[in-house]
Amino acid sequence: MAAETVFSTERLRRARFAVAAVFCVHGAVTGSFATRIPWIQEHAGVSPGQLGLALAFPAIGASLAMPLAGAISHRFGARTALRGLLALWTLSLVLPSLAPNVYGLCAALFVYGATAGMSDVAMNALGVETENRLGRSIMSSLHGMWSAGALIGSAAGTVAAHLGGDARLHHLLAAVVLTVLGLVCCQGVLDLQSAPEEEAPPRFSLPPKSALVIGAIGFCGVFAEGASLDWSAVYLKEELGTSAGLAAASTTAFALTMAVARLVGDRVVDRFGAVRTVRVGGLAATLGGLLVVFAPHAALALTGFGLLGLGVAVVVPLAFAAAGRSGPNPSQAIAGVATITYTSGLIAPSAIGGIADATSLAFSFGLVTLLAFGLVLGAGVLRPGGRSTPGTTAGTGAATAGSSEGIR
């Protein structure tokens, strides 16, 4: 068992801001990539079907690589591991735009996803450890900072695309800037080391049962999120006959309410607890889903998508936090939950489309509504029965060190 390391309140406060900045950098990479997908598609000469296939490879790479994050952090320590994994992620941004064909694009996106997944696990585990030591919720705002980073990256990408810039040059410059920022931000995170006698986590293993149960809640939230982001505009246009501009506003309503809810969610969680917060959020999302399904006009549907965004906003941050407090290997649990949520985000858009082809989009969002109600029924698994107190050690793995007993 490792000796406990006690950090001052001021040091923990600086660590919180540092890990928040890391989340922002991570999100900026995603935003930078997403806005240049049309350029990448044209440059690689791939069809829409081939592009759809290639875009599955980030999730495949992430799912296979995420379990490695724990072993890397155990060997090199939390700060060094995060610094290296985040740098690999930011630098991988240049790869997709260099792909000459569909095969190169699939390979590039596999690496892109693998580095994204490993750095994702590392930063979430460090976020959980920082939260545990502070003794108050911060995970929601950390994910809010990720959303803010994605907005910043996408805004810069939109400008570059509008100016007709070459994505290879754009992504090279973005990768250099974000790598430097990431290295600077990582200097402020907690520097945690595993005890020499502590057993290293396995490189590859099945997720623990705790991760499967918690991951089910994450699955419901991410499925509703992915379905709403990708299909809300289509829903308003096809089901309610709105204009393209008003249809696009539905996506904005969803994304805006989710981002705002994440940024203020920590105060709500600290006051009411994770379980009650998710249950109330699940009720809001369920109401939103019902408004979408039965809306006779666009205003109610827009309200419904806004409520969906509000209701599912804090589910993923709280799922990661709960995973980090469960079982003897927190990083393994976080990796398991991350794998489940990545899978949910991957299958949600295509599942909604497949169900809509067989029935209707309204019926598809009936499924989203049922999954939203699943948050109400299953929120109890997020109860922090073994939450560690500030100053105790919360385990090692993806980003923590010290006693593995502290976060059970």
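How much space lies in the largest pocket? About 1,800 Å³.

## Ground rules

This is a predicted model, where local features need pLDDT of at least 70, side-chain atom pairs count only at pLDDT 80 or more, and totals for chains, interfaces and linings use all residues. Residues are numbered from 1 along each chain as its sequence is written, and side-chain values use heavy atoms, leaving out hydrogens and water.

## The largest pocket

A pocket here is an open set of points on a 1 Å grid over the protein atoms alone, where a 1.4 Å probe fits, with protein on both sides within 12 Å along at least five of seven lines; lining residues have an atom within 4 Å of a point.

Helix H12 (244–272) gives the most to the lining, with eight residues. By class, the lining splits into 26 nonpolar, 13 polar and four charged residues, with Gly counted as polar.

## Around helix H9

Helices are DSSP runs of H or I with at least four residues, numbered from the N terminus. Serine 137 lies in the loop between H8 (102–134) and H9 (139–162). Serine 137 counts as buried because its relative accessibility is 2% (buried means under 20% relative accessible area, with a 1.4 Å probe and protein chains only). Its side chain makes a polar contact with that of aspartate 266, at 2.9 Å (N or O atoms within 3.5 Å, one able to donate a hydrogen and the other to accept it).

Several residues of H9 are buried too, including Met139, Gly149 and Ala160. Just after H9, glycine 164 takes a positive phi of about 75°.

Key
Helix = DSSP H or I, 4+ residues; strand = E, 2+ residues; numbered from the N terminus. Buried < 20%, exposed > 50% of the residue type's maximum accessible area, 1.4 Å probe, protein only. Points joined across faces, edges and corners; volume = space filled by probe spheres on them.
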